[in-house]
Amino acid sequence: MDHQNLHIETLAIHGGQEPDPTTGAVMPPIYQTSTYAQEYPGKHKGFEYSRSQNPTRYALERAIASMEGGTHGAAFGSGLAAIDCMLKFLSPGDEVVACNDLYGGTYRLFTKVFSNYGIKFTFVDMSNAAWEEHMSASTKMVWMETPTNPMLNVLDIEAAAKIAKSHGALFVVDNTFATPYLQRPLDLGADVVMHSGTKYLGGHSDVVLGLLATKDEAIAEKIYFIQNASGAILGPMDSFIALRGIKTLHVRMDRHCENGEAVANYLSTHPAVDKVYWPGLEGHNGHEVAKRQMKKFGGMVSFTVKGAGFEKTADVVSAMKVFTLAESLGGVESLAGHPASMTHASIPKEEREKVGVTDNLVRLSVGIEHVEDLLADLAQALDR
Ligand SMILES: *Cc1c(COP(=O)(O)O)cnc(C)c1O
């Protein structure tokens, strides 16, 4: 099948996939094996040892590459393991310029692990091009997340790609929140796109994984070298579960976006709500960029409870019944989170409040249930 001209909906189902050559199985079998028979030393069918290659994982790697408009994909045991792989491109003395509103675990990996190995991280507001002044001769990587977590800031990928390129820095985009269905960073100039596949790609809150995709042969080679050398690979069973989830990505995302819009509009008019963050709202500061680089605006909505402190906000999220109070996002079920005590607790209060993660902030991952049940649940939690 020539995958070049297929739409993303078709790629989600067929991208990089062929029926299994040995049996015709339509889904790639779970190759639960660590090793492969060789006919003669070094003479094999392309598979030697499952840290290096596994057919089920390879099917998933081809799928993400195809959906992101890349040529190569790599699958890891978690999103953080995928980020860890990219950071191993760097050497002591190198600098990373990253957006200042990051997933808490990414921030922790940067500042508590890799900073111990002589790598310097600078966190900047990337909402306008002035951040270029932080680029130096030592800047070897630019790291961007958009929309950001949990403030839903939208950053201009194309503009950042130009800045990174002009300084010779590798440009990586964490595309977890948007997914390739809503936004394709490689098309906009990114060198590598990264995913926590745990979220929308897997889509059912039943697996933890990370993915990378690129269309640069030299970068891909280095990714595979580190993937094999460091060993943080995804197992065959989890690769299968992720592939199964990806097949319905576009259908789920349409409903996530539709419900997200209804929830954002509802919260915007609620008297107990102060601010609402959703890139589809006219007043959202990244709305124009979002219209340009995203197909739709996503299913993540954050808001602040008017005049509430830590405890009252915790009470509101605990009172929700259809929205489950839980970390993570991107599954079919609606989840509510309190970033200050949950996902972003590892970021110092002062740092997190600078970017808007206040004690009264609530983050919603709007699921694909009936929208009226979601709105009624928010109403009963907010009206108490
Ligand atoms: C969850 C998440 C990660 C980390 O991925 P894991 O699969 O949990 O390791 C990275 N970036 C973003 C935006 C995330 O939401």
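The structure is a predicted model, in which local features need pLDDT of at least 70 and side-chain atom pairs count only at pLDDT 80 or more, while totals for chains, interfaces and linings use all residues. Residues are numbered from 1 along each chain as its sequence is written, and side-chain values use heavy atoms, with hydrogens and water left out.

**The sheet of 7 strands**

An open sheet of 7 strands runs in the order β1-β7-β6-β5-β4-β2-β3, and its pairing is mixed; two strands are taken to pair if DSSP finds at least two bridges between them. At the edges stand β1 (72-76) and β3 (120-124), each of which has a single partner strand, so one side of each is left without a neighbour in the sheet. From one strand to the next the twist averages 20°, where axes are lines fitted to C-alpha atoms, for helices over the stretch in contact, and angles run from 0 to 180 degrees between N-to-C directions. Strand β2 (residues 95-99) pairs with β3 in the parallel sense, over 5 bridges.

Helix α5 (residues 157-166) packs on this sheet and touches β4 (139-145) and β5 (170-174), with a direction that makes about 155° with that of β5; contact here means heavy atoms within 4.5 Å. Helix α7 (residues 217-230) also packs on the sheet, touching β1, β5, β6 (192-196) and β7 (210-214), and its direction makes about 20° with that of β1.

**Backbone details**

Most residues other than glycine have a negative phi, and most peptide bonds are trans. The loop between β4 and α5 holds Pro 147, and the peptide bond from Thr 146 to Pro 147 is cis, with omega near -5°. Pro 150 is also placed in the loop between β4 and α5, and a cis peptide bond with omega of about 5° joins Asn 149 to Pro 150. In helix α6 (residues 179-182) lies Thr 179, a residue other than glycine whose phi is positive, near 65°.

**The ligand**

The ligand is surrounded by 14 residues, the closest being Gly 79, Asp 174, Ser 196, Thr 198 and Lys 199; a residue is near a molecule if one of its heavy atoms lies within 4 Å of it. By class, this shell has 5 nonpolar, 6 polar and 3 charged residues, where Ala, Val, Leu, Ile, Met, Phe, Trp, Tyr, Cys and Pro count as nonpolar, Asp, Glu, Lys and Arg as charged, and the others, Gly among them, as polar. The table gives polar contacts, each a pair of N or O atoms within 3.5 Å.

| Residue | Protein atom | Ligand atom | Distance |
|---|---|---|---|
| Leu 80 | polar backbone atom | oxygen | 2.9 Å |
| Asp 174 | polar side-chain atom | nitrogen | 2.7 Å |
| Ser 196 | side-chain N or O atom | oxygen | 2.8 Å |

Taken alone, the ligand exposes 380 Å², of which the protein buries 94%; such accessible areas come from the Shrake-Rupley method with a 1.4 Å probe.

**The sheet of 5 strands**

Another open sheet has 5 strands in the order β8-β9-β12-β11-β10, with mixed pairing, and its edge strands, β8 (273-277) and β10 (324-325), each pair on one side only.

Methods
Helix = DSSP H or I, 4+ residues; strand = E, 2+ residues; numbered from the N terminus. Polar contact = N/O pair within 3.5 Å; in protein donor to acceptor, adjacent residues only side chain to side chain.
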